[in-house]
Amino acid sequence: EGGRDVEESLEIARRLERAGVDALHVDAGCYDDWYWPHPPNYQPPGCMVDMAEAVKRVVRIPVITVGRLGYPELAESVLREGKADFVALGRPLLADPEWPLKAREGRLEDIRPCIGCHEGCLGSVVRGSYLSCAVNPACGNERELEIKPAERSRSVLVAGGGIAGMEAARVAALRGHEVMLYEKGDRLGGHLIPGSVPEFKRDVALLRDYYIAQLAKLGVRVELGKEVTPGLVQEMKPEVVIIATGSTPIIPDIPGIEKDIVVTAIDMLLGYKEAGERVIVAGGGLVGCETALYLAQQGKRVVVVEMMDRILSGVFEANKQHLLKLLAENYVSVLTNASLGRVTDEGAIVVNKRRRYQAELKADTVVLALGLKPETQLVEALKGKVPELYVVGDCDEPRKIMDAVWSAFYTTRLI
């Protein structure tokens with residue numbers, strides 16, 4: 001917006017060809033709108049293909065396209081339809097450097113997908129570390145972090161089938177251990193399941209599918225609908241127990257929180273309760289804002305209430321810029337420096353902590369996105385009662401996908 005338009009860009013392309021340039025790599029944006037040169041998960045797949053296609057119509061030299069093309073079928077269709085001559089991949093090759101080989105061999109289920117989060121790549125660099133990847137902890141440090149066979153195969157029980165549990169099971173199986181993963185729910189994925197419901201979170205669903213396929217190929221014994229208890233552990237007598245029981249939503253202790261109009265973001269995304277036409281989302285972090293966008297895109301009138309002075313704290317700039325833009329375009333209101341004081345039958349009373357005033361917001365639904373607390377009961381019950389006990393993921397500390405994956409990887413690769 002406010003930058004160079006298509007016609008001017010096409011004229012530049014013509015002049016570059018006349019000047020002797022051999023190929024044109026076409027993308028968009030600058031560091032004032034990072035969501036173009038570094039498209040986050042909110043950008044649709046192939047978000048800049050139309051630009052390359054427009055350039056290809058006015059030049060004869062090869063044209064390269066880029067931008068969320070880590071989907072083999074899409075990348076292939078771009079070439080077959082003549083929209084570009086080459087497809088460029090960046091972050092998908094950090095997530096899986098064997099992407100081209102697996103695509104060529106038709107092993108699409110083996111491709112570990114980039115989830116567009118920027119946390120492990122550019123976010124890591126911004127934080128002063130080396131370039132890596134949220135879903136591929138070995139990226140940038142491949143030799144040192146190579147997964148090698150263990151000296152002796154052992155029986156490993158993983159409690160919990162969320163992202164951390166699945167990564168722990170995957171790495172343990174690659175090490176040559178006999179792995180059993182028990183999940184008390186009826187599906188693998190944990191928070192990836194509700195987290196992949198919005199269309200703009202499609203890559204999270206692909207990540208879940210990747211793990212399910214890998215566990216099956218590696219021979220991990222998966223038991224669904226079965227919760228790990230101290231009695232079960234005593235009966236099975238595994239040599240190693242990895243606890244990945246995850247986390248549950250934080251519910252504030254305020255009047256009216258038990259009312260029917262209140263639902264957690266997780267339960268709402270899972271379809272346990274539908275949101276009404278007017279919605280208050282309590283919590284302006286990533287979960288709250290993505291939930292607000294998801295609801296607003298369905299035509300709901302949404303207000304985000306955040307106790308801090310800004311929303312989306314700690315989110316990488318490209319993702320933050322684009323999500324803020326989408327929230328504004330979908331008319332999501334944001335109320336900062338405020339928190340829920342009381343839930344009523346007609347909505348909620350919010351309290352401004354700085355100015356000490358209260359305001360009533362009318363709503364049909366109040367969605368809670370106030371963070372997560374670790375599930376530690378099994379950890380406490382098994383301390384000192386098994387030969388080796390490890391805790392990974394949210395049940396250690398609720399954080400982002402990257403933290404859960406890295407926690408499981410770094411712990412399990414040494415077992």
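This is a predicted model: local features need pLDDT of at least 70, side-chain atom pairs count only at pLDDT 80 or more; totals for chains, interfaces and linings use all residues.
Next I checked the cysteines for bonds. I find 0 disulfides in the structure. Cys121 is in none; the nearest cysteine sulfur belongs to Cys117 and lies 6.4 Å away. A disulfide needs two sulfurs within 2.5 Å. For Cys289 I also get Cys117 as the closest cysteine, with the sulfurs 17 Å apart, which is too far for a bond. Cys289 has a relative accessible area of 0% and is therefore buried.

Cys289 sits in helix H12, so I turned to that helix. H12 spans residues 286-296. I count H12 as mostly covered, with 9 of its 11 residues buried. Among the buried ones are Gly288, Thr291, Tyr294 and Ala296. I then asked what covers the buried residues of H12. The cover includes helix H11 (265-269), strands E10 (278-282), E11 (301-305) and E16 (365-368), and helix H13.

I followed up H13, residues 317-329. The axes of H12 and H13 come within 10 Å and cross at roughly 40°. The crossing is left-handed. On the H12 side I list Leu286, Cys289, Glu290, Ala292 and Leu293; these meet Leu323, Leu326 and Leu327 of H13. By class, I record 7 nonpolar residues in this contact, no polar ones and 1 charged.

Terms used. Residues are numbered from 1 along each chain as its sequence is written. Side-chain values use heavy atoms; hydrogens and water are left out. Axes are lines fitted to C-alpha atoms, for helices over the stretch in contact, and angles run from 0 to 180 degrees between N-to-C directions. Helices (H or I, at least four residues) and strands (E, at least two) are DSSP runs, numbered from the N terminus. A crossing is left-handed if the near helix is turned anticlockwise from the far one by less than a right angle, and right-handed if clockwise. Contact means heavy atoms within 4.5 Å. Ala, Val, Leu, Ile, Met, Phe, Trp, Tyr, Cys and Pro count as nonpolar, Asp, Glu, Lys and Arg as charged, and the others, Gly among them, as polar. Buried means under 20% relative accessible area, exposed over 50%, partly exposed in between (1.4 Å probe, protein chains only).
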